[in-house]
Amino acid sequence: MFRSLFSRAVKLVVPFQIPTLAKMIDDESKIGGTLFGDLPKGVERRFFMDDGNSWFFSETATDPSTRQTLYTYTIRYEVLPQGILKSVDGRGHVFIKGVELQRLLDAMKLYEQQVDKQIYQAQTAKSDRRSAA
Amino acid sequence: MTAPLQHHPDFDPNHAQTAEADFRIRQQHEQQQQAGAMLAELSGRALQVAADASQFRIPGAELSGSALQGNESTPETMTAVTIGDRIRARRHAFLAQVGEGQ
């Protein structure tokens, strides 16, 4: 009961935080990370577009018992006029093609749909309710 | 001709090592501060990832895009650009609507 009263009080005291672009992209990246299926315990995945022309896929695995990082890597896909340039941790730059290109485009489309549905439509509805109240 | 520093009678190798270590730590600290300042406005893992990845750019890669603007774009690139434009427009429209925070 105390906890419930406390959380109600916190909601009254803590003001509505206006989101920043950084926060929006961070929220998007979490949704993006869910588009590629289930993850084993201790693995964090993010997928997102920055505010320029690059997309990022990153994965970090942490040992749940020791909290030590087991591996981490970042794939950057840069959209350039002549194609989509891929690099892994800044190395091995190559224009992608075939299945990888098609899957990336599918992931981009899905990302747009899900981000729109889970963040922007939901937030807009919230703000509308807030301004109507 | 001046004698090399290590042959100077007042030369203290321990002190020199400490001074060098101090210098390295200070240099490292300054680099971290610069990186920290760059990231100060950014929050969250996503932008950290983007910032880390942008350290590994091909020199001139940014230019290659604009330099090749006249080149024909591939259909895949056009699709990716269109999706990107829509997402950016949605983000900025939303932030304009709510008034972007600090």
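Colleague: Let's start with K23(A). Is K23(A) buried, partly exposed or exposed?

Modeller: K23(A) is partly exposed, at a relative accessible area of 38%. Bear in mind that this is a predicted model.

Colleague: Which side chain does K23(A) meet in a salt bridge?

Modeller: That of D27(A). The N to O distance is 2.8 Å. Both residues sit in helix 2 of chain A. They are four residues apart, about one turn of the helix.

Colleague: And D27(A), buried or exposed?

Modeller: Buried. D27(A) has a relative accessible area of 18%, and the cut-off for buried is under 20%.

Colleague: How many salt bridges are there over all chains?

Modeller: The structure holds 10.

Colleague: Let's look across the chains. What does E112(A) form a salt bridge with?

Modeller: R86(B). Their closest N and O atoms are 2.5 Å apart. The pair crosses between chains, with E112(A) in helix 3 (residues 98-132) of chain A and R86(B) in helix 4 of chain B.

Colleague: How accessible is E112(A)?

Modeller: E112(A) has 19% relative accessibility, so it counts as buried. R86(B) is at 44%, so R86(B) counts as partly exposed.

Colleague: Which residue does R90(B) pair with?

Modeller: R90(B) and D116(A) meet through their side chains in a salt bridge, 2.4 Å from N to O. R90(B) lies in helix 4 of chain B and D116(A) in helix 3 of chain A, so this pair joins two chains. R90(B) is partly exposed, with a relative accessible area of 31%.

Colleague: Where is S58(A) placed, and is S58(A) buried or exposed?

Modeller: S58(A) is in strand 2 of chain A, residues 54-62. S58(A) counts as buried, at 0% relative accessibility.

Colleague: New topic, chain B. How many helices and strands are there in chain B?

Modeller: Four helices, zero strands. Along the sequence, the pattern of chain B reads α-α-α-α.

Colleague: What share of chain B counts as buried?

Modeller: Of its 102 residues, 19%.

Colleague: Back to helix 2 of chain A. At what angle do the axes of helix 2 of chain A and helix 4 of chain B cross?

Modeller: Roughly 130 degrees, and the axes come within 11 Å.

Colleague: Which residues make the contact?

Modeller: Helix 2 of chain A supplies L21(A), M24(A), I25(A) and E28(A). Helix 4 of chain B brings I87(B), R91(B), H92(B), F94(B) and L95(B).

Colleague: How do the residues of that contact divide into nonpolar, polar and charged?

Modeller: Between helix 2 of chain A and helix 4 of chain B, the contact residues are six nonpolar, one polar and two charged.

Key
Residues numbered from 1 in each chain as written. Chains lettered and ligands numbered in written order. Predicted model: local features only at pLDDT ≥ 70, side-chain atom pairs only at ≥ 80, totals over all residues. Heavy atoms only, no water. Axes fitted to C-alpha atoms, helices over the stretch in contact; angles between N-to-C directions. Contact = heavy atoms within 4.5 Å. Nonpolar A, V, L, I, M, F, W, Y, C, P; charged D, E, K, R; others polar. Salt bridge = Lys/Arg side-chain N within 4 Å of Asp/Glu carboxyl O. Buried < 20%, exposed > 50% of the residue type's maximum accessible area, 1.4 Å probe, protein only.
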